[in-house]
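Please look over the sequence and the structure below before reading on. The notes after them are meant for a reader who is new to this structure.

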Amino acid sequence: MMHDTYSVAQPTRAEIDALTGPALLEFGTGWCGHCRATQAPLAAAFAQHPAVPHLRVEDGPGRALGRAFRVKLWPTLIFLKDGQEVARLVRPLDSAEIGKAFALIEA
């Protein structure tokens, strides 16, 4: 399910690793222009995969989860299956590209 804001509260890496099934982990901030530009193509792709849990995590200096995933640019989308990274997209603007990554975790 798509959310409108990035969560300041963060799950731990252990909690992410323990997830079961598909999930999308999105790192960014609400004020980031690249993050805002990604939202329309992400929403278009997400419409085909509404059951996938979507964790939007605010990233920045000192944020442990972003460092654990080696996030360097926003937004970074990490597609997980059973807590393991299957695909990663950085600053995606193409809903078809995002849809292909969703297909990898729902297969």
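What follows is a short briefing on a helix, the cysteines and the charged pairs.

This is a predicted model, in which local features need pLDDT of at least 70 and side-chain atom pairs count only at pLDDT 80 or more, while totals for chains, interfaces and linings use all residues. Residues are numbered from 1 along each chain as its sequence is written, and side-chain values use heavy atoms, with hydrogens and water left out.

**Helix α2**

- Helices (H or I, at least four residues) and strands (E, at least two) are DSSP runs numbered from the N terminus, and the expected span of a helix is 1.5 Å times one less than its number of residues.
- Counting as buried what has under 20% relative accessible area, as exposed what has over 50%, and as partly exposed what lies in between (1.4 Å probe, protein chains only), the buried residues of α2 are C35, T38, Q39, P41, L42, A45 and F46.
- Among the elements that cover these buried residues of α2 are β1 (22–28), β2 (54–58), β3 (76–81) and α4 (95–106), where contact means heavy atoms within 4.5 Å.

**Cysteines**

- The structure holds zero disulfides, a disulfide being a pair of cysteine sulfur atoms within 2.5 Å.
- C32 is buried, with a relative accessible area of 6%, and C35 is buried as well, with a relative accessible area of 1%.

**Salt bridges**

- A salt bridge is a side-chain nitrogen of Lys or Arg within 4 Å of a carboxyl oxygen of Asp or Glu, and by this rule the count comes to five.
- D17 pairs with R13, their closest N and O atoms being 2.9 Å apart, and because the two are four residues apart in helix α1 (residues 13–17), about one helical turn separates them.
- D17 is partly exposed at 31% relative accessible area, and R13 is partly exposed at 34%.
- E26 forms a salt bridge with R56, with 3.1 Å between the closest N and O atoms; E26 lies in strand β1 and R56 in strand β2, so the pair ties together parts that are 30 residues apart in sequence.
- Both E26 and R56 are buried.
- E58 and R63 meet through their side chains in a salt bridge of 3.3 Å, N to O; E58 is partly exposed at 22%, and R63 is partly exposed at 23%.
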